[in-house]
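Subject: A structure for you to look at

Hi,

Here is the structure I promised to pass on. Please open it beside this email and follow along as you read.

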Amino acid sequence: MAMNHLPLPPVSPETLAAFETQRTAIVQATVARCLANPQDVAQHGDQAERLLTAGLDFTTQAIGVAMRVQSGELLDQQLQWGNERLPHDGVVPAQLLSRFQILAAVIDELLSPAHAQVVNQYVQRMIADERTFIAADPA
């Protein structure tokens with residue numbers, strides 16, 4: 001998934017701290033919104049909440065690390081893994097895209113505008129890459 005990317009912004013210690021402080025709440029709110037769309041999580045059955053929480057916890061940890069080291073390559077690896085692995089769990093790329101979009105909206109709501117704007121540059125990179133992956137996927 002080699003793509004042309006704008007450089008990601010450096011992230012201040014204050015923004016990193018705000019993200020880490022709210023990370024669990026961000027995951028919980030994102031999971032709740034995903035669960036509100038039963039057609040997007042039906043394949044998980046009664047494990048939906050647990051699986052989404054685990055996946056988004058991992059994703060937000062990766063975003064945190066990527067912000068600390070100002071590296072998009074970690075996000076690229078996360079997306080590549082997700083697009084290869086998650087179809088085995090019945091998760092299609094469009095559902096991944098939807099979850100990232102919900103994540104970005106939750107970040108906008110739970111972080112101050114200044115912090116959310118920086119964090120979401122990292123999330124928007126994942127969204128853009130997922131859209132490119134979907135567009136290039138013949139399936």
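Helices here are DSSP runs of H or I with at least four residues, strands are runs of E with at least two, and both are numbered from the N terminus. Keep in mind that this is a predicted model, in which local features need pLDDT of at least 70, side-chain atom pairs count only at pLDDT 80 or more, and totals for chains, interfaces and linings use all residues. Residues are numbered from 1 along each chain as its sequence is written, and side-chain values use heavy atoms, with hydrogens and water left out.

**A leucine in a loop**

Let's begin with L86, which sits in the loop between α4 and α5. Is L86 buried or exposed? L86 counts as buried because its relative accessibility is 18%; the cut-offs are under 20% relative accessible area for buried, over 50% for exposed and partly exposed in between, with a 1.4 Å probe and protein chains only. Setting aside neighbours within four places in sequence, L86 is in contact (heavy atoms within 4.5 Å) with W81, V91 and L96. From L86 to T24 it is 62 residues in sequence and 22 Å in space, C-alpha to C-alpha.

**The core**

A nonpolar core is a set of buried Ala, Val, Leu, Ile, Met, Phe, Trp, Tyr and Cys residues joined through side-chain atoms within 4.5 Å. The largest one here has 36 residues, and F19, I63, M67, I107, L111 and Y122 are those with the most contacts inside it. At least two residues of this core come from each of α1 (13-35), α3 (48-69), α4 (73-85), α5 (93-110) and α6 (113-136). The largest share, eight residues, is supplied by α5. If you click on L111, you will find that it touches A18, F19, Q22, I26, A116 and V119, not counting residues up to four places away in sequence.

Now turn to α3. Among the buried residues of α3 are L52, L56, T59, I63 and M67. Their cover includes α1, α2 (38-41), α4, α5 and α6.

How do the axes of α3 and α6 cross? They come within 10 Å and cross at roughly 120°. Such axes are lines fitted to C-alpha atoms, for helices over the stretch in contact, with angles from 0 to 180 degrees between N-to-C directions. At this crossing, T59, I63, A66 and M67 of α3 meet V119, Y122, V123 and M126 of α6. The residues of this contact divide into seven nonpolar, one polar and no charged. Here Ala, Val, Leu, Ile, Met, Phe, Trp, Tyr, Cys and Pro count as nonpolar, Asp, Glu, Lys and Arg as charged, and the others, Gly among them, as polar.

With α5, the axis of α3 comes within 12 Å and the two cross at roughly 65°. L52, T59, T60 and I63 in α3 meet R99, F100 and L103 in α5, a contact of four nonpolar, two polar and one charged.

Q70 follows α3 and has a positive phi of about 50° although it is not a glycine. Q70 is partly exposed, at 41% relative accessible area. S71, also placed in the loop between α3 and α4, is buried at 13% and is in contact with L8 and A66, again leaving aside neighbours within four places.

Happy exploring!
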